Amino acid sequence: DLPNSNTPLSQSNNEIAEAVLTRFLGDASAAKLSEEMRIHVSDTRDRLRGSVDAIFAGINEMLQAGSGAPPFVSPPGVADLADLQFGKIDGQARINGDTLHELRLDADLRLAMGSDMDFQGYVIFKDLSSDTPASSCRSSAGVASELTLGASTKFNFGAPASPTKVEVEAKFAFGETGSLNGLAGRLGLAGDGFKLGVLTIKQAELGFGFGGGDGYLYGKGAGQSDWADIEAAVFLGRTCNIYDVMNRVDPQVAELLQQPQVISVTNGGSFPVYGLYAFGYGSISVNALIGIPPSPMLNLKAGCGMGAFYFTRRLDSPPDPGQPYASVIGLRQDFGVSGEVLCLANISARLSLVGATAFETDNPLNVLPLLSDPLGHPILGNGKAKVSLKVGVSPFDVTLHKTLRMNFSYQSGQSPKFDLDL
């Protein structure tokens, strides 16, 4: 159908172009051309990926040739870095057409300064202006790309000294012009534990994020002594990557946040997630309660812990315009026992339960109606039971571990549902 004589010239041109395009796209030659272009583009993409893999393989072969990993060669004008050596480099890239969407490099390094220190480092680059998953929130905050630098190593710490793993990470967010838009980082200690007086520190980690849609702080730690054990974790603020952050704070809660019932709160969208999380656990020696000093001959402990969390996010396209916020509120409950008997046996058991309910609201700060009728909304959760047993004296000892997992859900008027993974 051609435009009539009364149609303006610009509109006529648009209608003619649209008619020609529609006719062409419906023709068999257009399908053939599309197929040929896809074949040639796919070949170019595969060749580029193969080239990247070949480069990494060649670097590894060069570094591992001869008697060992060669040292760095210092660029002109840079201090001597001969004490820093490569052990291995691995890498992977995600490429679409001629655009690099993501690149990761991992390296085993050695720093020879008096005594050798081995550590693992990594570099991750992400192009968030592309179709990188869950990038819309960061892009809305003006972030076009991210560069993450991280490393981990072990060294002896405490008195007496014991092996301790140290992890450090820094993430830089950049805008379209290359300017720094946001900064996030974390520093953590973990391992068998190092002693500070009568207290053994089992874990400690601090993290932060500012700019680029983020504005949060988190921390967690765990310590133990002959008389008591303590754990604590806290998160407060907003972030575009709530799953990644909560996976550092509490992996069991992070797992729950990925359930389909709450995915609208925690994944996707142009707005960040606001929330808070707090958890505390403590156990005390039963011996101390009955007047028997704790010792390796007999030391029995019992404990419990409790936590709560609340997360909310404004929806891009709410099903009900009168309730534009999606929220999730939940609790965590822990119970545990542990003991040491006759210097030969150590046993521990821990049950952790997490439950939550998701809802939509017009006011994310008003949760009183929900709390007044907690069973009126669907409830989902997960549980984990961990049991460990060690018998004997090193090196003639036997260690057993077993973890049971469970998912459950409940809705008013229906029977509870359980899924047990042995």
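Buried means under 20% relative accessible area, exposed over 50%, and partly exposed in between, with a 1.4 Å probe and protein chains only. At 6%, Cys137 therefore counts as buried.

This is a predicted model, where local features need pLDDT of at least 70, side-chain atom pairs count only at pLDDT 80 or more, and totals for chains, interfaces and linings use all residues. Residues are numbered from 1 along each chain as its sequence is written, and side-chain values use heavy atoms, without hydrogens and water.

**Cysteines**

| Cysteine | Relative accessibility | Class |
|---|---|---|
| Cys137 | 6% | buried |
| Cys240 | 12% | buried |
| Cys304 | 44% | partly exposed |
| Cys343 | 38% | partly exposed |

The whole structure holds one disulfide (a pair of cysteine sulfur atoms within 2.5 Å). Cys137 and Cys240 form this bond, with sulfur atoms 2.0 Å apart. The pair links distant parts of the chain, 103 residues apart. Cys137 lies in helix H3 (136-140), and Cys240 in the loop between strand E9 (228-239) and helix H4 (242-249). Helices (H or I, at least four residues) and strands (E, at least two) are DSSP runs, numbered from the N terminus. The S-S torsion is about -60°, so the disulfide of Cys137 and Cys240 is left-handed.

**Cavity**

A cavity is a set of points on a 1 Å grid over the protein atoms alone where a 1.4 Å probe fits but cannot get out; lining residues have an atom within 4 Å of a point. One cavity of 30 Å³ or more turns up. Strand E6 (180-196) gives the most to its lining, with three residues. Strands E5 (162-174) and E7 (199-211) each give two or more. Among the lining residues are Arg138, Lys171, Phe210 and Asp214.

Notes. 1 Å grid on protein atoms, 1.4 Å probe; cavity = no way out; pocket = protein on both sides within 12 Å on 5 of 7 lines; lining within 4 Å. Points joined across faces, edges and corners; volume = space filled by probe spheres on them.
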